[in-house]
Amino acid sequence: MSFFKKLKEKITKQTDAVTDKFKDGLTKTRDSFSGRVNDLVARYRKVDEDFFEELEEILIQADVGFETVMELIEELKMEVKRQHIQDPAEVQSVISEKLVEIYQSGEDTTSKLNIQEDGLTVLLFVGVNGVGKTTTIGKLAHKFKSEGKNVVLAAGDTFRAGAIEQLEVWGERVGVNVIKQGAGSDPAAVMFDAIQAAKSRNADILICDTAGRLQNKVNLMKELEKVKRVIEREVPGAPHEVLLVLDATTGQNALIQAKTFKEATNVSGIVLTKLDGTAKGGIVLAIRNELGIPVKFVGLGEKMDDLQEFDAETYVYGLFADLVEKEELA
Ligand SMILES: Nc1nc2c(ncn2[C@@H]2O[C@H](COP(=O)(O)OP(=O)(O)OP(=O)(O)O)[C@@H](O)[C@H]2O)c(=O)[nH]1
Ligand SMILES: [Mg+2]
């Protein structure tokens, strides 16, 4: 059975809403990446060295990342040999299969958040300015709220003008409390307040916003350390997740940011935003494969329900949706 067929079977187990989100959100990448793979397959009569070279180029341009592309091409070559594939059209399904395999091959590929069954769960959001931290917090608060959880937000970005108000707008929209202090106050003090408030309200989840920019990187990292220390001290075992937000449209730059944050703090998961805004959605694989940190959520638009738990199979379905659907008819 071709992998497209297997994918189709797995996908039908998910709700249509989720697959549609991935499909819509990945339109740009699909049009560009899968369009080019299609064109490649149509131009070649047999799978040879030139074919692989062109494929390599297409993958690199989709931001899959150099190391990951090399690994993928090696795997593909072996698989093509093993299955005696000669028709280039058959390679597409193998590519999709290998993409899923590469994503799932590392340890720790779960996108499930470490949510405490009893007591308060604290989620700390970090990332440089403009990547989508505050928006993601709003979307996630909405998700938890609709699951019946009691959510509190902490306005830990006291640095950027308007940041507190922006989180308050989300708080009102979603219907959750936002704990804040004045602009310019110590974010660690905000966290302390927020934790006390969350405890006294018996909250299930506290989501902490932080600043994305300080005068320099050293200050930013020091501030994050201090915030984290207060959280650790006030809630044993917290923060339960340190989620690094990366903007998919910044490509390889996102990888560099991730390396910097990884050195400074224990990042437990990645939220990759604005996947809908890039034709280079292959960055998901580069992040996973080159950093070894799981992508827990992806942002597929600006609306409240545009945040989706990451799933490698649904993602690859989004990349090849047209072909997968065609397969079903065949
Ligand atoms: N298209 C799209 N836009 C997004 C997504 N996530 C966030 N954005 C937009 O990105 C912009 C920046 O988002 P913010 O949430 O303010 O980013 P931030 O990381 O909090 O930025 P600072 O507070 O300046 O550090 C906003 O215009 C968001 O609407 C997404 O998944 N898709
Ligand atoms: Mg913000």
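Start inside the protein: one cavity of 30 Å³ or more is found in the structure. A cavity here is a set of points, on a 1 Å grid over the protein atoms alone, where a 1.4 Å probe fits but cannot get out. The model is predicted, so local features need pLDDT of at least 70 and side-chain atom pairs pLDDT 80 or more, while totals for chains, interfaces and linings use all residues. Residues are numbered from 1 along each chain as its sequence is written, chains are lettered from A and ligands numbered from 1 in the order in which they are written, and side-chain values use heavy atoms, without hydrogens and water.

Select the lining of the largest cavity, which includes Thr29, Phe33, Leu285 and Tyr315; lining residues have an atom within 4 Å of a point. The space inside is about 30 Å³, a volume being the space filled by probe spheres set on the points, which are joined across faces, edges and corners. Helices α3 (27–43) and α13 (312–329) each give at least two residues to this lining. Helices are DSSP runs of H or I with at least four residues, and strands are runs of E with at least two.

Next, select the strands. Eight of them form an open, mixed sheet in the order β3-β2-β4-β1-β5-β6-β7-β8; two strands pair if DSSP finds at least two bridges between them.

Now pick β5 (residues 241–247) and β6 (residues 269–273), which pair in the parallel sense over five bridges. Leu244 stands opposite Ile270 in β6.

Definitions and conventions:
1 Å grid on protein atoms, 1.4 Å probe; cavity = no way out; pocket = protein on both sides within 12 Å on 5 of 7 lines; lining within 4 Å.
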